[in-house]
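Please look over the structure shown here before reading the briefing that follows.

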Amino acid sequence: MKWWNNKRSMALLGGIAVLGSAVAGCTGGDPKPGADGAAPAKKPVITVSAYDRGQVPQEEGTIEKNRWTEWINEHSPVEVKWVAIPRNESVEKLNALFAAGDAPDLVFEYSAQFRNDLYVQKQIMPLDELIEKHSTEYKKLMQQYPALKKLGTKPDGKLYEVGRAPGLQTNHVLFIRNDWLKKLKLDVPKTTEDLYKVAKAFAENDPDGNGKRDTFGMNISFIGEYTLDHMFQNQHWFVNKDGVVEHAWEQAREATAFRKRLFEEGIVDKDFLTDKNGQKAKQDWINGKLGMYAANVGLQDFPTFEAFMKNNPTAEPIPIPLPASSFGQFSPILNVPFQMTAVVNAKAKNPEAVIRFIDFLVSEPTAKMLNLGQEGVHYKLNANGCPQAIDPEKNRKEVDYFAANQMLSPVLFGGKCNHDLKYAQYDPAKPIEAAFLNAIKLAREAYLSKDRPMSSLTHVEWWPALPNDLVTIRANSLQQVSDTLVKAVVSGGYTVEQAVRDAKSAWEKGGGTKVDEWLKAWHAENKGKAMLTEDMYK
């Protein structure tokens, strides 16, 4: 193929070829040509899902057929037929495929709740015996990281999910305009009351100097909503001082009151409810109209950072720790150090081939290629021996769009290179990239600390599998609670106190107390065994 043409890449491909032979050899794989020139047996065919984010450049093909799908089919021990899954409608699409009997053999999906549902519905198969008999690479990964087996095991004691060990990393980030703080002679907010005062000043005191009141203190739509909730420990449930799970009604009251205060004083965009995906807030940030911006995967989204800096060349955007509330000081949503990402369809015709493909994906040569591209073309090793992109724009066009098989990539490098892998491509000699690297450093210092943990009981990726009836109750009743509390924010005459009473009543009438009791019992029984928030920092 035209993409793999330098010596170092050919050496890497040779390593993968050896790996493929080894995997095939230990799993009863296809015979290789002998001295008589006999053709090898045809590779087994499996189907695999691939998130389609609409980011594949036209010249690269489609999510089902591109340079990476061709490379995988050339070098893996199986032939893969890819099934495109729209990223923003993945659960709906996969549900439809399972209902029709057309779901892929190997299903990649980040939603822990969806994977739990598949387990409860007996749509996926246990993998213990398959991995024991047919795996080498993933088996070694589980031995190296026992949490992968712990997290992949369901209540019946069997392993159903496979995943990756990326290490604890930042995800949501709260940026602040440090240049605006300096101009208005303000300090970085340390408490939620400080946050209110700073946001109010950003909205009212003309920080951009255009003589108009056309700036907002912060965003409270999408990620802004989640971030405020984490400040107030408003995560539906929490562990009280006695170590018992309790519903977070007081936290909900304070978080709602804070939002209502921001809304009524015009400190935030009053159309925040229509900004369901955060795109309006992102454009306000890029256009210099937001003083604080809670961003999704903020430190993996260099294009937004770059666009902001080009529009606001004298700005100083820095991540800050979430201000402390009366419930403590917490961090926003993080990326878990261990993440389950895939399951095997119970109707897969050749599960052994699926396991061989999983082994191929988690092997280091494959993981490097799918994450970094071709050495000498897409990256080189810098002075520290870590990968650095040769041309970041080329990588965005030729490498980054195919995330499907990065979902099983293990820790690629030990020590100094591991956490810097995504960021080694940026050049500190370039001002915007230097500012981005500084933001990465500040975010890690702010959020990767057990002294400021995430405020939720456990990460959404590690949430326990609720019984089927409670899944429906939880979803419906939480939506009623959310709708009621939002009404208090935007309706002047509807008090927060009344909204909390009404929300609690709706929760109880909808059967929500059954969920409370189940979680209380589950936590009491499993707090020494389950993966909880505190385990992220171990």
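Helix 12 contributes the most residues to the lining of the largest cavity, namely three; helices (H or I, at least four residues) and strands (E, at least two) are DSSP runs, numbered from the N terminus. The model is predicted, so that local features need pLDDT of at least 70 and side-chain atom pairs count only at pLDDT 80 or more, while totals for chains, interfaces and linings use all residues. Residues are numbered from 1 along each chain as its sequence is written, and side-chain values use heavy atoms, with hydrogens and water left out.

**Cavities**

- A search of the whole structure finds two cavities of 30 Å³ or more, where a cavity is a set of points, on a 1 Å grid over the protein atoms alone, at which a 1.4 Å probe fits but cannot get out, and lining residues have an atom within 4 Å of a point.
- The largest cavity holds about 90 Å³ of space, a volume being the space filled by probe spheres set on the grid points, which are joined across faces, edges and corners.
- Of the 13 residues that line the largest cavity, Asn219, Ser221, Asp269, Ala281 and Asp284 lie nearest its centre, and the elements that give two or more residues to this lining are strand 7 (216–218) and helix 12 (279–286).
- The lining of the largest cavity comprises seven nonpolar, two polar and four charged residues, where Ala, Val, Leu, Ile, Met, Phe, Trp, Tyr, Cys and Pro count as nonpolar, Asp, Glu, Lys and Arg as charged, and the others, Gly among them, as polar.
- The second largest cavity, with a volume of about 30 Å³, is lined by Tyr51, Asp52, Arg53, Gly54, Gln55, Val56, Ile63 and Tyr401, and this lining has four nonpolar, two polar and two charged residues.

**The second largest pocket**

- About 550 Å³ of space lies in the second largest pocket, a pocket being an open set of points with protein on both sides within 12 Å along at least five of seven lines.
- The second largest pocket is lined by 22 residues, of which Lys150, Thr153, Pro155, Pro464 and Trp522 are the closest to its centre.
- Helix 4 (112–120), helix 7 (146–152) and helix 20 (512–526) each supply at least two residues of this lining, and helix 20 gives the most, with four residues.
- By class, the lining of the second largest pocket has twelve nonpolar, three polar and seven charged residues.

**Helix packing**

- Two packed helices are described by the angle between their axes and the distance between the axes.
- Helix 12 and helix 13 (residues 302–311) pack at an angle of about 40 degrees, with their axes 8 Å apart; axes are lines fitted to C-alpha atoms, for helices over the stretch in contact, and angles run from 0 to 180 degrees between N-to-C directions.
- That angle makes helix 12 oblique to helix 13, given that angles under 35 degrees count as roughly parallel, over 145 as roughly antiparallel, 65 to 115 as roughly perpendicular and the rest as oblique.
- Lys282, Trp285 and Ile286 of helix 12 make the contact (heavy atoms within 4.5 Å) with Thr304, Ala307, Phe308 and Asn311 of helix 13.
- The axes of helix 18 (residues 468–490) and helix 20 come within 9 Å and cross at roughly 120 degrees, and these two helices are therefore oblique to each other.
- In the contact of helix 18 with helix 20, Leu470, Ile473, Arg474 and Ser477 of helix 18 take part, together with Gly512, Lys514, Val515 and Trp518 of helix 20.
- Helix 11 (residues 249–264) and helix 19 (residues 496–509) pack at an angle of about 140 degrees, with their axes 10 Å apart, and are therefore oblique to each other.
- Trp249, Arg253, Thr256, Ala257 and Lys260 in helix 11 meet Val496, Glu497, Val500, Ala503, Lys504 and Trp507 in helix 19, a contact with six nonpolar, one polar and four charged residues.
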